[in-house]
Structures are given as structure tokens and as C-alpha cells.
Amino acid sequence: MALYHLPGSPWPQMLQGILGQTLPTLRKSVNSPYIRGLVIGDFEVWKAFFADLAPGPDGSSAEITGGEAGFYLGMSGPQISNLVAYGFLSSGRISMAEIWDFRRKFISPKEVAARLQVNGEITLANVVGGELNKAGITAIRLGSFVRSRIDVEQYYGSRLA
């Protein structure tokens, strides 16, 4: 999901690519029937896939729980709770339109680390957070960890996938 920034869900196209074997994957465990048992086989193919991907099916009115929002945003339950408490996300059920809007505006150190790893730089979210703090790109609110997507993407430039 770190490579997808358009509205809609990339999952239908991703699953079709995985099943059709146009998106190379490997299994971590032979016995695992779950998608979490897959790992990306070739990042370059996946990067090209996402670069050419059209917006996914419109599901902007669909509402999801905070836990599900955590999945889409790559965040834990407590992190989502903090964003709700700070007023950055709605409490209760959250529309996908709100999730996509949030994701277009903000980025987490975890997502930055994942995008750097896709480009071959091995790092951790806490290292990214430290780099951003040193660069003066602070969290959007004290006690939060997300930052302005525009500022972070300008700072890292071509290093991000």
C-alpha cells in the first residue's frame, strides 16, 4: 500500500495481478493460505504496476472501523485512536473518502521507511522519525507521529519509491 496514493482500492487489480502471475510473489510459508503469507518477488515490477495503475473502484462512501483504518494507513490501533482524539480522523465509523484525504495530506515514518526499502535503503521508522526531526519536519501535533506528506516527499525526493 505504500506505493498507492490514488483514491479507491488497489486490491482488485493487485489480486488479479497476483492470481494471473503478472505480479511476482513468493510464499513465506507453504502452508499459509493467507495473503499475509506472500512477499513481493520483484519490486521493480510492482513499482511499474503502481505507476501505471488507474484509480481503484470508487468506495468513497464506504465506512470502516478504526482498526480497518489502521490497516489502510499502516498504523496501530492506539495510533489511530490518537489521531481521532486530536481531531484528524472522525470517531466511530470513518469514510474511505476521509481515509484517502488523510493519506494524501500526511505520511508516517513507517510508510517512509517502507518506500525507502522498496528503493533499496534499509531503515526503520524510528530512524526516519529522527531524520525528519533533525530536518525540522516535525509531527503535525505533539504526541502524534505523522507529518506533512508534501514536506516529507520534498525532503526525501527521489530516494522514495
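**Helix α8 and its neighbours**

Guide: The axes of α6 and α8 lie 12 Å apart, and the two helices pack at an angle of about 30°. This is a predicted model. Angles under 35 degrees count as roughly parallel, and α6 and α8 are therefore roughly parallel to each other. The crossing in which α6 passes α8 is right-handed. On the α6 side, the residues that meet α8 are E111, V112, R115 and L116, and their partners in α8 are R149, V152, E153 and Y156. Sorted by class, this contact of α6 with α8 holds four nonpolar and four charged residues, with no polar ones.

Now to α8 itself, which covers residues 149-156. Its buried residues are R149, V152 and Y156. Viewed down the axis of α8, these buried residues fall within an arc of 70°, so they line one face of the helix. I150 and Q154, on the other side of α8, are exposed. Just after α8 comes G157, with a positive phi of about 55°.

Helix α3 (residues 66-73) and helix α5 (residues 96-105) pack at an angle of about 40°, and their axes are 11 Å apart. Here α3 contributes A69, Y72 and L73, while α5 contributes M96, I99, F102 and R103. Six of these contact residues are nonpolar, one is charged and none is polar.

Note on methods
Residues are numbered from 1 along each chain as its sequence is written. This is a predicted model: local features need pLDDT of at least 70, side-chain atom pairs count only at pLDDT 80 or more; totals for chains, interfaces and linings use all residues. Side-chain values use heavy atoms; hydrogens and water are left out. Axes are lines fitted to C-alpha atoms, for helices over the stretch in contact, and angles run from 0 to 180 degrees between N-to-C directions. Helices (H or I, at least four residues) and strands (E, at least two) are DSSP runs, numbered from the N terminus. Contact means heavy atoms within 4.5 Å. Ala, Val, Leu, Ile, Met, Phe, Trp, Tyr, Cys and Pro count as nonpolar, Asp, Glu, Lys and Arg as charged, and the others, Gly among them, as polar. Buried means under 20% relative accessible area, exposed over 50%, partly exposed in between (1.4 Å probe, protein chains only). The arc is that of the directions from the helix axis to the C-beta atoms. Angles under 35 degrees count as roughly parallel, over 145 as roughly antiparallel, 65 to 115 as roughly perpendicular and the rest as oblique. A crossing is left-handed if the near helix is turned anticlockwise from the far one by less than a right angle, and right-handed if clockwise.
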